[in-house]
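Thanks for making time this morning. Please have a look at it first.

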Amino acid sequence: MIKLKQVRIMFLGSGFLASNLLPFILPHASQIILIDRERVETANYDNYILPKGYEGRRKVTALTALIQILSNVSVTPIHMNVKSVEQLIDLHRQLQPDIAICTFDNATARIIAQRYALETNTPTLFIGVAEDYIYIDWDEYVVLPSPSEIEDEVRGIREICSRLEFRGLGAIANGFAYYSFRAWLEREKKVAFIISTKDGVSVSVLRR
């Protein structure tokens, strides 16, 4: 049996996808760093995994509480509006994450996260969910929307993350994301997926 190492993991985004993925990731973490700018809304409880009673409080605070319920892993919560790559590079120098997982539902922040990944050479797994497809991909390979497409992309992502009928998409996305994370952890292999959910589930595997 392979004994998996534990690593410092930085979550760029502490919402729907992050909250569902965290319980699977925790056994492999020596430290979790949470970054998000938003606060918990009542509607978030339809899709998020959160302790009760955190409405109006910071999402990073709520997820920190969840982690502390589930494990003894050290957590660094950072309530921050990511507006520049310099912010992430400064945090990287301070906290030295081994890997980042980007679940931002803000397309501009995803572009900044990709720049951070490339400038710091940090393996960064991107998880994206839309109504008809899911993508799980890595750092330089991720194709992100152009500035003119950003607003439409943001609306689509936010809609998925806040509607109960799309909860199953999050479960599918996080299952494949965990597989990609494990492949990196075990063999430093970057495995990507594009999953169509329009007519059933169709999966394409991309080996980076």
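**Helix packing and aromatic pairs**

Let's start at a contact surface. From helix α1, the residues Ala18, Ser19, Leu22 and Pro23 touch Leu63, Leu66, Ile67 and Leu70 of helix α2. Keep in mind that this is a predicted model.

Now the geometry. α1 covers residues 16–25 and α2 covers residues 59–70. Their axes are 11 Å apart, and the packing angle is about 15 degrees. Angles under 35 degrees count as roughly parallel, so α1 is roughly parallel to α2. The crossing of these two helices is right-handed.

α1 has another partner, α6. Here the axes come within 9 Å and cross at roughly 45 degrees. That angle makes α1 oblique to α6. This crossing, too, is right-handed.

Which residues of α1 meet α6? They are Phe16, Leu17, Asn20, Leu21, Phe24 and Ile25. On the α6 side, the contacts are Arg167, Gly170, Ala173, Asn174, Ala177, Tyr178 and Phe181.

How many of the ten residues of α1 are buried? Eight are, so the helix is largely enclosed by the rest of the structure. The buried ones are Phe16, Leu17, Ala18, Ser19, Asn20, Leu21, Leu22 and Ile25. Ala18, Ser19 and Leu22 are buried, and they meet α2. Phe16, Leu17, Asn20, Leu21 and Ile25 are buried as well, and they meet α6.

On to the aromatics. There are five aromatic pairs in the count. One of them joins phenylalanine 176 and phenylalanine 193, with ring centres 4.8 Å apart and planes at 55 degrees, so this pair is tilted. What does the pair link? It links distant parts of the chain, 17 residues apart. Phenylalanine 176 sits in helix α6, residues 167–187, and phenylalanine 193 in strand β7, residues 191–196.

The cut-off for buried is under 20%. Phenylalanine 193 is buried, at 5%. Both belong to a cluster: ring pairs link Phe176, Tyr179 and Phe193.

A second pair to point out is phenylalanine 181 with tryptophan 184. It is tilted too, with 6.3 Å from centre to centre and 40 degrees between the planes. Both residues lie in α6. They are three residues apart, about one turn of the helix. Both are buried: phenylalanine 181 at 0% relative accessibility, tryptophan 184 at 8%.

Each of these has a further neighbour. Phenylalanine 181 is among the α6 residues that meet α1. Tryptophan 184 has lysine 5 over its face, at 5.4 Å from the ring centre.

Last stop, a loop. Aspartate 139 is found between β6, residues 133–138, and α5, residues 150–162. Is this aspartate buried or exposed? It is buried, at 2% relative accessibility. What does aspartate 139 touch, leaving aside neighbours within four places in sequence? The contacts are Gln114, Ala117, Thr122, Pro123, Thr124, Phe126 and Lys190.

To recap. α1 is largely enclosed, roughly parallel to α2 and oblique to α6. α6 also holds the pair of phenylalanine 181 and tryptophan 184. And aspartate 139 is a buried residue in a loop. Thanks, I'm happy to take questions.

Notes: Residues numbered from 1 in each chain as written. Predicted model: local features only at pLDDT ≥ 70, side-chain atom pairs only at ≥ 80, totals over all residues. Heavy atoms only, no water. Phe/Tyr/Trp six-rings, centres within 6.5 Å; stacked < 30°, edge-to-face > 60°. Helix = DSSP H or I, 4+ residues; strand = E, 2+ residues; numbered from the N terminus. Buried < 20%, exposed > 50% of the residue type's maximum accessible area, 1.4 Å probe, protein only. Lys NZ or Arg CZ within 6 Å of the ring centre and 35° of its normal. Axes fitted to C-alpha atoms, helices over the stretch in contact; angles between N-to-C directions. Parallel < 35°, antiparallel > 145°, perpendicular 65-115°, else oblique. Left-handed = near helix turned anticlockwise from the far one by under 90°. Contact = heavy atoms within 4.5 Å.
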